[in-house]
Amino acid sequence: MVRRIMHKAVRVLALTIFLFGLTGRAYASGPSYPEPWYVDQYEGDHADLLAWFDGRLGIVKRTAPRPMRYIDWRLLHGQAVGEATGNVLATPCCNNPTLTTDYSGGSDVWIKARNAVTGLNDTSYIQTDRPGPDDTSVTNCFPDAFHSAAATLNDRAARYGPKSAAVQAWIAAQSAVFQACHDPSSELPPPMAKMPPWLATDRDYQAAALALYAGRNDEAAARFAAIAKDTHSPWRDSGLYLAARALVRQAVMVKTPSAYAKAHAALAALAAAPASAMGRDRVPALNEVVAFREDPRGFLTKLTRQLDAAAPSPHLASVFRDYTDLGEAATAKPEALDWIDTLRAAPPALSPDEQETKDHALARYETSRRTALAHATQRWRASHDAAWLVAALSLTDATDEQTPALLTAAGATPPSAPGWLSVQHDIIRLTLIRTPPAASRRRLDAILARTDLSVSDRNIFAAQRAQVAASLDDFVRFALRRRVCGEAGYPNTWDATTEACVRERWDIDQIQSSGIYDGVGDKGAIGWGEDALAIIDRAPLADRIALSRNPAIPAKLRLDLALTSYGRAVLLQDTAAINGLAHDLETLLPIMAKDFHDIEAARPGADKRFAEFVVLAKIPGIRTDLIDYERPEGAHVADFQRYWTDWIILKRPGGPTAPPPLIRYQADGANFQSDFQDGVWPDAATDLTCLGECGRGAAPLRTPEVFAAGAAKAAAERAMFFKTDHADDKPEPTPPPGAVDAWDEILTYARAHPADPRIPETLYWLVHVGHFGGSHNHSGKRAFELLHSRYPESIWAKKTPYYND
Amino acid sequence: MWARGVFLLCAMVMLGSARAPSRMIVWAWERPEDLRFVGDAADVALQSGFIVLSGDGVQARGRRFPLRMSGRPTTALVHVQIDRGRPLAWTPDQRREAAQAVLAFGQVAGADRLQVDFEVKRSERRVLLDLLSDVRRGLPKNKRLSMTALASWCETETWLDAAPVDEIVPMLFRMGPDGRPLKAKLEAGGDFANPRCRTALAVSTDAPLAHAPGDGRRVYLFDPRSWTKPDYTGLRKRMAQW
């Protein structure tokens with residue numbers, strides 16, 4: 001049967017709308033990108049969300065879905081949102097396939113009822129979609145139709161006998177109706193001779209339904225209209241409604257004046273029908289379905305009025321969705337949509353054929369920001385609307401000509417204004433570099449003392465505060481951030497009753513690597529902010545070692561600091577640092593306590609270097625920078641993950657002195673989506689404070705004085721780091737003369753000390769290193785040959801039946 | 001002993017020296033795709049169905065987003081997932097309906113291959129294997145059955161041997177931390193441990209791979225966003241250097 005429940009009147013509107021340019025979220029197989037974990041553009045966990053819905057507006061974040069940014073727009077204009085409306089806006093609206101829909105329990109209900117009556121076990125699948133254009137599918141038959149058919153069949157079987165010819169004929173006809181859900185060529189079987197009247201009226205209804213499913217809307221409408229006039233038909237009350245539905249569908253498909261006129265006439269007839277007529281309450285919604293196509297401008301005006309209402313409506317999500325669809329196509333974008341899109345300042349998409357150079361990509365990105373900034377500034381000047389000031393501030397850089405005037409206006413924003421926190425974030429962002437750090441500390445400490453900050457906003461302000469830290473302890477206090485949304489699950493574990501964060505509603509799969517938080521793997525709640533990672537990576541060894549011993553830092557994060565510092569100390573051959581770190585690492589990484597103890601106990605010279613290099617051979621994830629490093633985890637050394645790098649010890653400075661570009665630390669946030677990231681996106685244009693989620697304006701990293709003092713030392717140390725990691729399209733770098741490779745030296749030592757009990761295992765690890773990426777001059781093969789020639793009966797030789805180098 | 005290593009090395013060199021060209025297949029996932037720029041340089045695999053196993057029920061629908069291409073897709077891809085909000089019952093009726101839905105949505109004009117994309121946890125492997133068996137039984141004889149696989153399944157897990165499929169496609173992206181040793185192994189010239197995983201593989205535009213096994217195996221190409229010509233040519237260019 002045709003009957004279908006419209007849960008939300010305007011949902012039909014959204015469901016019938018299909019735009020080619022619709023960009024739904026990608027359904028990747030497997031997880032997507034790691035998402036920023038201490039900044040949440042989806043406004044955080046349940047408590048923070050409720051506070052937001054209630055009016056607590058924090059830092060506006062441009063990258064969230066439009067409906068959520070519309071919540072910000074309402075709050076900036078003193079319009080209420082509330083939990084009910086907030087929840088619907090924070091959920092993908094209307095036709096998002098991820099949502100559990102009401103499409104379950106459909107055809108199987110009909111199949112069971114039919115089989116019970118026929119006595120057959122026919123479980124053939126009933127496809128409910130019909131083919132649409134361009135390989136799409138459109139849902140054609142909904143569960144209500146199957147439920148209704150099952151109920152009707154049970155009624156007819158009870159009245160007239162399940163085995164009667166008439167009931168069997170009814171079933172055959174209904175099966176043909178459902179065949180039309182997918183196949184428009186389906187036809188009713190020939191009518192049985194001498195149909196009883198009940199079967200005849202039911203067959204009329206089935207014929208009308210089949211016509212509707214087969215897409216013959218005008219025919220369906222005529223048949224339903226006839227049913228509406230048939231005083232003997234039990235379907236009479238639904239006739240006008242279904243006729244109107246069919247004509248609305250036709251009007252939406254063909255979009256001609258005559259089709260619209262017919263639809264209006266049918267809706268008018270339904271509106272004038274007696275109270276018992278089904279669907280009279282649906283007339284306004286169906287009129288909107290037509291109006292969306294027939295008079296988009298007029299309908300958009302109506303939608304805008306609904307959105308502008310002070311009180312939120314429970315249908316706001318679908319109203320906003322239609323508003324967005326029409327607004328995108330309109331000549332003049334409606335204001336809320338204009339504001340949201342200006343805030344986002346998305347660069348224009350390339351056409352599928354367009355190829356882009358690096359310079360072109362940079363220019364395209366920057367142009368979009370400047371264009372959006374000019375527009376936001378013009379709108380603010382014209383309207384003095386605080387929302388436009390917030391937008392303009394988020395887009396401006398410190399050197400833009402608009403910035404002084406925007407900062408003056410920002411400074412005049414009272415703390416009671418809804419956008420105050422957002423404004424404060426941008427004031428600080430734009431002035432952090434030039435403002436005396438003590439003044440920045442005072443301003444930020446006052447903000448951080450508030451008790452109404454969301455976890456995400458507190459982290460963002462902490463990131464700014466860390467960059468003006470007065471001491472190492474002060475830095476640590478703000479460099480550590482609290483995770484926003486709990487532990488990520490894979491596969492996506494969204495559950496409407498237990499979800500941690502709204503972000504999971506928007507089809508985000510998160511995989512966070514290990515080595516981010518203070519737990520094992522992706523567990524834990526505390527980690528370094530990306531800004532802090534960059535500052536630490538740029539710090540000299542002495543400062544890093546001091547941090548690694550700071551008791552305020554969780555043990556796992558101290559381990560990360562100690563190991564990356566250890567890598568640096570080995571490259572610098574700083575014996576005191578090596579010994580000190582080795583001592584610390586006995587406790588921080590107890591599974592390798594003996595290896596670290598061996599370093600401290602070894603005699604200076606070849607013995608000590610051998611012991612140092614053995615550690616590098618057993619821990620694949622050690623690097624000189626936290627951004628490249630992977631924490632060793634697992635019950636056994638063999639569980640440690642990552643491929644090895646080659647370790648080259650220089651005799652004199654010769655390595656690159658530039659630290660990793662800052663854009664690499666912004667990888668998990670919103671940034672320049674192209675192939676040209678590394679080395680192309682200037683450091684000054686990055687935003688490690690909010691990872692690009694708060695606005696397109698840059699937030700150049702400010703190194704706190706306590707670290708800035710060591711910048712020259714850090715650069716001198718970095719000149720001793722020689723990296724063999726290289727881009728796929730570049731050749732491997734050649735070490736300068738006099739450089740020593742750690743694996744070469746291990747092999748030399750092994751040959752010279754055949755009786756050393758550590759040698760067989762060390763050779764085993766060198767074969768491993770060769771297998772997984774870090775080989776030097778076939779060191780894996782050489783180790784294999786030495787292991788099997790000298791120690792063939794050792795367990796290590798037996799564990800190494802082959803090499804791959 | 002060391003000679004064995006030498007022999008192995010020689011064998012690898014010999015096997016690796018003659019690389020048959022690979023057939024590329026562009027994945028048209030659940031978003032608007034305009035692949036007319038691909039022409040006949042690659043095949044297209046179209047996601048045509050989306051199925052959720054929820055409790056004891058099956059929710060199934062077709063593709064919502066348009067695909068424009070010259071020609072027709074050669075592979076119909078049906079994505080299956082389990083609703084994590086409800087315990088999966090996996091009743092006989094549900095199992096039957098799920099397989100029928102896969103077969104129904106796998107009927108794409110021009111496609112001679114049906115691919116099932118269904119990631120499962122360890123405890124759900126039986127569900128995947130059941131589904132594949134039922135789909136195989138209902139598939140016309142002239143149609144091939146393919147499945148996507150987590151790369152890790154091809155390395156350490158033997159249950160995949162029971163999959164009644166003609167093709168297993170390990171996906172070399174979004175592998176998480178566990179994938180790094182495998183990536184390093186492949187980049188160093190190695191191959192998947194399970195021989196059944198050596199006829200196809202999948203790569204992504206945003207997960208560069210310095211090297212992966214070629215030898216004429218089918219390579220599926222994934223883009224996390226709607227495909228653009230630069231994304232496609234960039235990936236092909238990187239692959240040409242394998």
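These questions and answers walk through a predicted model with chains A and B.

Reader: How many helices and strands are in chain A?
Author: Chain A has 805 residues, and 57% of them are buried. Among its contacts between residues at least 6 apart in sequence, 67% join residues at least 24 apart. Its secondary structure comes to 34 helices and seven strands.

Reader: What percentage of the residues in chain B is buried?
Author: Chain B holds six helices and 11 strands. For contacts between residues at least 6 apart in sequence, 69% join residues at least 24 apart. Of the 242 residues in chain B, the buried part is 60%.

Reader: Why do the rings of Tyr205(A) and Trp235(A) count as a stacked pair?
Author: The whole structure has 26 aromatic pairs over all chains. In this one, the ring centres are 4.4 Å apart. Planes under 30 degrees apart count as stacked. The pair is stacked because its planes meet at 20 degrees.

Reader: How far apart in sequence are the parts that this pair, Tyr205(A) and Trp235(A), ties together?
Author: Tyr205(A) lies in helix H8, residues 197-213 of chain A. Trp235(A) lies in the loop between helix H9 (217-229) and helix H10 (236-254) of chain A. Both residues are buried. The pair therefore ties together parts that are 30 residues apart in sequence.

Reader: Which residues of chain B do ring pairs link into a cluster?
Author: Aromatic pairs are found over all chains, 26 in total. In chain B, ring pairs link a cluster made of Trp27(B), Trp29(B), Phe173(B), Tyr220(B) and Phe222(B).

Reader: Where does the charged end of Lys799(A) sit?
Author: Chain A has charges over rings. Arg696(A) lies over the face of Tyr365(A), at 4.1 Å from the ring centre. The charged end of Lys799(A) is 5.9 Å from a ring centre, and that ring belongs to Tyr764(A).

Reader: How are H14(A) and H15(A) placed to each other?
Author: Helix H14 (residues 316-329) and helix H15 (residues 335-344) of chain A pack with their axes 10 Å apart. The angle is about 80 degrees. Angles of 65 to 115 degrees count as roughly perpendicular. The two helices, H14(A) and H15(A), are therefore roughly perpendicular.

Reader: What classes of residue make up the contact of H14(A) with H15(A)?
Author: H14(A) brings Phe320(A), Tyr323(A), Thr324(A), Gly327(A) and Glu328(A). They meet Glu335(A), Ala336(A), Leu337(A) and Ile340(A) in H15(A). By class, the contact has five nonpolar, two polar and two charged residues.

Reader: Which helices are among those that cover the buried residues of H5(B)?
Author: Helix H5 of chain B spans residues 179-187. Its buried residues are Gly179(B), Leu182(B), Ala184(B), Lys185(B) and Leu186(B). After H5(B) comes Gly189(B), with a positive phi near 105 degrees. The cover includes helix H32 (759-771) of chain A and helix H4 (153-156) of chain B.

Reader: Is Leu589(A) buried or exposed?
Author: Leu589(A) is in the loop between helix H26 (575-588) and helix H27 (593-601) of chain A. Beyond its neighbours within four places in sequence, Leu589(A) is in contact with Leu559(A), Phe596(A), Ile619(A) and Pro632(A). Buried means under 20% relative accessible area. At 6%, Leu589(A) counts as buried.

Reader: How far apart in space are Leu589(A) and Ile71(A), C-alpha to C-alpha?
Author: These residues are 518 apart in sequence. In space, C-alpha to C-alpha, Leu589(A) and Ile71(A) are 47 Å apart.

Reader: What separation do the C-alpha atoms of Leu103(B) and Val135(B) have?
Author: Leu103(B) is in helix H2, residues 92-105 of chain B. Leu103(B) is buried, at 18% relative accessible area. Not counting residues up to four places away in sequence, Leu103(B) touches Leu114(B), Asp134(B), Val135(B), Gly138(B) and Leu139(B). Val135(B) is 32 residues away along the chain, yet the C-alpha separation is 6.5 Å.

Reader: What is the relative accessible area of Glu43(A)?
Author: Glu43(A) lies in the loop between helix H1 (9-16) and helix H2 (46-53) of chain A. Its phi is positive, near 70 degrees, in a residue other than glycine. Glu43(A) is buried, with a relative accessible area of 8%.

Reader: How does His778(A) count by relative accessibility?
Author: His778(A) sits in the loop between H32 and helix H33 (779-790) of chain A. His778(A) is not a glycine, but its phi is positive, about 55 degrees. At 44% relative accessibility, His778(A) counts as partly exposed.

Note on methods
Residues are numbered from 1 along each chain as its sequence is written. Chains are lettered from A and ligands numbered from 1 in the order in which they are written. This is a predicted model: local features need pLDDT of at least 70, side-chain atom pairs count only at pLDDT 80 or more; totals for chains, interfaces and linings use all residues. Side-chain values use heavy atoms; hydrogens and water are left out. Rings of Phe, Tyr and Trp (its six-membered ring) pair if their centres lie within 6.5 Å; planes under 30 degrees apart count as stacked, over 60 as edge-to-face and the rest as tilted. Helices (H or I, at least four residues) and strands (E, at least two) are DSSP runs, numbered from the N terminus. Buried means under 20% relative accessible area, exposed over 50%, partly exposed in between (1.4 Å probe, protein chains only). A charge sits over a ring if NZ of Lys or CZ of Arg is within 6 Å of the ring centre and within 35 degrees of the ring normal. Axes are lines fitted to C-alpha atoms, for helices over the stretch in contact, and angles run from 0 to 180 degrees between N-to-C directions. Angles under 35 degrees count as roughly parallel, over 145 as roughly antiparallel, 65 to 115 as roughly perpendicular and the rest as oblique. Contact means heavy atoms within 4.5 Å. Ala, Val, Leu, Ile, Met, Phe, Trp, Tyr, Cys and Pro count as nonpolar, Asp, Glu, Lys and Arg as charged, and the others, Gly among them, as polar.
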